[in-house]
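Hi there,

Here is the structure I promised to pass on to you. Have a look at it first, and then read my notes below.

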Amino acid sequence: MAIPATYCSPLKIRGLFQFCYRTKLQMTWNIADRREFSCSVATSYPAAVLSGTAIARQIHKEIQASVEQLVAQGNRRPHLAVILVGDDPASRVYVRNKTRAASLLGISSSALLRPAGVSQAELLDLIDQMNRDWRVSGLLVQLPLPGHINERAVCNAIAPEKDVDGFHIVNIGKLVLDQRTMVPATPAAVWEIIKRTGIETVGKNVLVVGRSKNVGMPIAMLLHSDRNHERPGGDATVTIAHRCTPRDQLAHHCRLADIVIAAAGVPQLITADMVKEGAVVIDVGINRIHETGSGRIRLVGDVDFEGVQQKAGFITPVPGGVGPVTIAMVMKNTVTAARNALAH
Ligand SMILES: Nc1nc(=O)c2c([nH]1)NC[C@@H]1CN(c3ccc(C(=O)N[C@@H](CCC(=O)O)C(=O)O)cc3)C=[N+]21
Ligand SMILES: [Mg+2]
């Protein structure tokens with residue numbers, strides 16, 4: 001912004017300085033050419049930390065109201081069945097978080113535990129039972145599964161209308177075609193964080209780091225697609241980086257991004273020098289690292305939080321960022337599945 005000198009009486013200049021101070025605008029006076037000075041928004045302030053916990057709480061309230069409305073209309077409570085194979089500690093934490101959230105929201109739930117040695121046939125049989133059980137509104141099988149089980153076969157065995165993870169091949173097909181469907185919970189969480197914070201996506205540069213079929217790929221699908229389609233998209237210009245992207249190219253694409261979504265599963269992958277001033281940084285990574293010294297296990301994302309916080313406009317923490325909202329979206333999908341079952 002350039003302001004002609006004739007408009008700049010000392011009083012007006014002082015007022016302008018005060019205004020700029022209050023609104024965090026940065027002014028520079030062009031000494032060589034005294035006819036103008038320039039004005040820009042300062043971004044060298046620490047980023048606003050987007051609390052996933054707070055956003056999840058807001059979504060929980062909406063889900064609770066929606067469940068109570070269903071029940072008041074004389075319907076059964078929605079029911080979520082979660083199948084857990086083996087005893088991976090992280091998976092156990094996620095399943096517990098899901099059943100706990102369900103009970104908090106008035107959704108009934110069951111955790112069906114099977115040993116790591118369960119056969120694929122036994123697992124498919126259990127899924128078939130749940131598919132045919134009219135009391136079950138939503139069904140998910142916690143991933144990853146042991147090596148002897150084909151995850152694709154398992155995901156495709158779940159009835160598409162009960163598939164609250166959105167991992168059935170038909171539901172993925174609908175997602176890719178911008179049709180209404182159960183959106184996978186983590187991508188849905190990233191979308192909700194962006195939308196509920198009021199961050200513009202139309203025409204913006206988005207970098208998705210990571211191309212996993214359950215996270216990176218569907219996030220890119222949501223953000224690049226058309227806002228006027230059946231399942232509205234973000235209308236952004238989306239770039240996908242992955243393990244074959246050279247380090248310097250990753251930094252190059254990252255510096256162009258208005259929104260960076262880190263979903264690679266690599267601690268400290270995104271550093272401050274790679275991030276544009278004021279960018280939105282969403283950290284989807286969940287890495288358990290052994291702390292040097294104490295030997296304790298610490299949960300970190302893919303972003304160097306302390307460094308990037310000094311440069312970004314918005315940043316999500318780990319823990320307390322995308323994770324809690326992911327859980328909330330599984331609950332939302334369960335209520336959607338229960339409502340859809342009424343319509344049929
Ligand atoms: N069929 C299936 N559906 C899933 O939705 C699914 C899955 N398999 N496999 C693993 C990933 C990962 N995921 C998370 C859920 C909650 C947190 C979460 O609650 N995170 C907490 C911390 C929890 C902790 O201490 O580990 C937080 O970020 O604050 C994280 C990750 C769902 N996934
Ligand atoms: Mg990954």
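Please keep in mind that this is a predicted model. I began with the second largest pocket, whose lining residues divide into nine nonpolar, six polar and seven charged. In total, 22 residues line this pocket, and the space in it comes to about 590 Å³. If you want to find its centre on screen, look for R180, T181, M182, V183 and T336, which lie nearest to it. The elements that each give two or more residues to the lining are α6 (169–176), α7 (185–196) and α11 (322–343). Of the lining, α11 provides the largest share, with five residues.

Next, ligand 1. There are 17 residues around it, and V141, L143, D165, R288 and G320 come nearest. This shell is made up of 10 nonpolar, four polar and three charged residues. Both α3 (89–104) and α11 supply at least two residues of the shell, and α3 gives the most, namely four.

Which side chains have an N or O atom close to an oxygen atom of ligand 1? For R288 the distance is 2.4 Å, and for N97 it is 3.2 Å. Q142 has a polar side-chain atom 3.1 Å from a nitrogen atom of the ligand. On its own, ligand 1 has 670 Å² of accessible area, and the protein covers 81% of that.

Finally, an unreviewed UniProt entry annotates residues 184–340 as the domain "Tetrahydrofolate dehydrogenase/cyclohydrolase NAD(P)-binding". Over that stretch the chain is 35% helix and 18% strand, with 17 Å between the end C-alpha atoms.

Key: Residues are numbered from 1 along each chain as its sequence is written. Chains are lettered from A and ligands numbered from 1 in the order in which they are written. This is a predicted model: local features need pLDDT of at least 70, side-chain atom pairs count only at pLDDT 80 or more; totals for chains, interfaces and linings use all residues. Side-chain values use heavy atoms; hydrogens and water are left out. On a 1 Å grid over the protein atoms alone, a cavity is a set of points where a 1.4 Å probe fits but cannot get out, and a pocket is an open set with protein on both sides within 12 Å along at least five of seven lines; lining residues have an atom within 4 Å of a point. Grid points are joined across faces, edges and corners, and a volume is the space filled by probe spheres set on the points. Ala, Val, Leu, Ile, Met, Phe, Trp, Tyr, Cys and Pro count as nonpolar, Asp, Glu, Lys and Arg as charged, and the others, Gly among them, as polar. UniProt positions are given in the numbering used here, feature names are shortened, and annotations may be inferred rather than shown by experiment. A residue is near a molecule or strand if one of its heavy atoms lies within 4 Å of it. A polar contact is a pair of N or O atoms within 3.5 Å; within protein, one must be able to donate a hydrogen and the other to accept it, and residues adjacent in sequence count only if both atoms are side-chain atoms. Accessible areas come from the Shrake-Rupley method with a 1.4 Å probe; for residues, only the protein chains shown count as cover.
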